[in-house]
Amino acid sequence: MSAAATRRLTTAQALVRFLAAQYTERDGVRHRLIAGTWGIFGHGNVAGLGQALVEYREAMPYHQGRNEQAMVHAAVGHARHLNRLSAQAVTTSIGPGATNLVTGAALATVNRLPVLLLPGDYFASHAADPLLQQLEHPVEADVSVNDALRPVSRYFDRITRPEALLTSALNAVRVLSDPAETGAVTLALPQDVQAQAYDWPEEFFADRVWRVRRPAPDPVELAEAVRAIRAAARPLIVAGGGVHHSEAEPALQALVDATGIPVASTQAGKGALRHDHPADLGGIGHTGTAVSDALARTADLVIGVGTRYSDFTTASGTLFQHPGVRFLNLNITAFDAHKLAAATLVCDARSGLAALTEALAGHRVDAAYETEYRTGRARWEAAVEGAFRADDDSAVPTQTQVLGALDAVVGDEDVVINAAGSLPGDLHKLWRARSPRQYHLEYGYSCMGYEIPAALGVQQAAPDTPVWALVGDGTYLMNPTEIVTAVQENLPVKLVLVQNHGYASIGGLSESVGAERFGTDYRHRVADGSFTGAPLPVDLAANAASLGMDVLRAKTVRELREALSTARAATRPTCVYVETAPAGTALPAEAWWDVPVAEVSAREAATRARAAYERAVADRRRHL
């Protein structure tokens, strides 16, 4: 009998070849699992993975990043737009390059989105010890800075021998492709092992298809869910990101059309129904609409579909106030399905929604309930129109008028990306999502600096789609460097850069909790030590231009509309820079959010805030 065929490659070469041969398949459609690799090369990966990516550059596309955290954000944006069926890898040097991955990894895992992290590591042999950038631990010699990635990874391994990759690579891909397990996956790669050769079995490099399951609901759980829905007088669906990941939007609409149950959406779930569907109530929770939050307070059954119930969604436990309210959670992950002491449907969103629709045949909510929420929806739509409207085209626009101008320009296929600041609240309340993937808010980790790199990942996933990154001045200053990558790769992303001279969102929160907007303005320091002087002479538009973007400055509502239209048609990276009028959020929060206030203070603002806090927190419920 002849010996099994082998191929002699380095560990890094074998990993690249293996990743290039991995695929996902769902509903008969195949996707390349690792569509490309982002990388910044340095001490720890240049001679290993760097050499391997050169050797196999036709098999594995490479993208050059400028910041390690930003590379993870780009990969996450790519994975989200492709419904988690395709992902990207990120390679870094050891030391600071590796630790810069932690924030991006946490974002990916919090949002249940796949990304493969390949940081360099110390010498497994300890031949060079300590080496440049190595963290020495006095009693644990096998610890490196990469261990900081353990709590934010869904799977972690350090490949200390070449043959260990045979098991770990398969486990890594198993987690990346499993919708119930996915998140950040880390394979820490000691630099000497990256370069070591091994005789790899040929079957390791064969094309491998990972089928993404659509588990059906358990019959007993389904029967209980149907009984609960039929018994409910005021049911409300809360649509989360799992609706999108499962491509379950048509199944959700079929259920809603058949039963009349209204739908409110989380930040991740917005767009699960098109904005003009008569049962779409818009966002829910602290940043939700008036009609969604009013119905949530009186709902007797809350049906969560693909949501993890963050504190913004539940208004920190104060939103769902019906005395007998119960919860029914449809989720592919049991961990999320059991939240709020819910009855559970642990299954794929599309499969579960289809099964509910069939089992609920002939059931419909009371006509008076439909009339109630449709009337509330019409009132809210009028409020949105008022917030978007600009009566004077020559005036400096407010932030909500910026969104109104963009709303008038985008098409159904455009993607709007945001993550942090005051924009998420306005977008969740006001944006009219026209398609399932148009509204792209990262609000699980709400990470400043996500927007621009995520736009690159989405643009790679959808090359012919207009992609908009909405960024405030605070976020822009956190992480603008991937503009250079957009220029280098000719990715025609559109950046809307909103200048309001400070942290507008946290400034408002600071004021509401008695911290008096301290440390939230970008202004000159004045004599008493406060930052209340003139705005700093910082020109962010000039900065964007210096990084290679075409920049359009808009001073008025009219100029803004023209600039946005020009940017949408642009074929290279383009920035629309607008300084907004110093107006607060046009539509206030409809529900509370728990930010603990100082229990004692000598300052009157904090004392008043504490009194308001105690009134609000009294409404919190433990759903058991």
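Leaving aside its neighbours within four places in sequence, which residues is Thr-485 in contact with? I started my notebook there.

**Ground rules**

I am working with a predicted model, in which local features need pLDDT of at least 70, side-chain atom pairs count only at pLDDT 80 or more, and totals for chains, interfaces and linings use all residues. Residues are numbered from 1 along each chain as its sequence is written, and side-chain values use heavy atoms, with hydrogens and water left out.

**Entry: Thr-485**

I found Thr-485 in helix H20, residues 482-488. For helices I take DSSP runs of H or I with at least four residues, numbered from the N terminus. Setting aside neighbours within four places in sequence, I listed Trp-38, Gln-64, Gly-65, Arg-66 and Leu-456 as the contacts of Thr-485 (contact means heavy atoms within 4.5 Å). Thr-485 has 0% relative accessibility, so I noted it as buried (buried is under 20% relative accessible area, exposed over 50%, partly exposed in between, with a 1.4 Å probe and protein chains only). I also looked up its side chain: one of its polar atoms lies 3.2 Å from the backbone oxygen of Gln-64.

**Entry: Gln-459**

Next I went to helix H18, residues 451-461, which holds Gln-459. Is Gln-459 buried or exposed? I have it as buried, because its relative accessibility is 1%. I then checked the side chain of Gln-459 and found a polar atom 2.8 Å from the backbone oxygen of Thr-465. The backbone oxygen of Ala-462 lies 3.3 Å from a polar atom of that side chain. Beyond four places in sequence, I see Gln-459 in contact with Thr-465, Val-467, Leu-491, Pro-492 and Val-493.

**Entry: H3 against H18**

I stayed with H18 and looked at helix H3, residues 68-81: the two axes come within 7 Å and cross at roughly 40°. My axes are lines fitted to C-alpha atoms, for helices over the stretch in contact, with angles running from 0 to 180 degrees between N-to-C directions. That angle makes H3 oblique to H18 (under 35 degrees is roughly parallel, over 145 roughly antiparallel, 65 to 115 roughly perpendicular, and the rest oblique). From H3 I noted Ala-70, His-73, Ala-74, Gly-77, His-78 and His-81 in the contact, and from H18 Pro-453, Ala-454, Gly-457, Val-458, Gln-460 and Ala-461. How do these residues divide by class? I have six nonpolar, six polar and no charged (Ala, Val, Leu, Ile, Met, Phe, Trp, Tyr, Cys and Pro count as nonpolar, Asp, Glu, Lys and Arg as charged, and the others, Gly among them, as polar).

**Entry: H8 against H14**

For another helix pair, I looked up H8 (residues 219-231) and H14 (residues 349-359), whose axes come within 10 Å and cross at roughly 60°. H8 and H14 are therefore oblique to each other. I noted Leu-222, Ala-225, Val-226, Ile-229 and Arg-230 of H8 in the contact with Ala-355, Leu-356 and Ala-359 of H14. By class, I recorded seven nonpolar residues, no polar ones and one charged.

Last, I looked up Gln-191 in helix H7, residues 191-195. Gln-191 is buried, with a relative accessible area of 15%. Its contacts beyond four places in sequence include His-43, Asp-121, Tyr-122 and Phe-123.

Definitions and conventions. Helix = DSSP H or I, 4+ residues; strand = E, 2+ residues; numbered from the N terminus. Polar contact = N/O pair within 3.5 Å; in protein donor to acceptor, adjacent residues only side chain to side chain.
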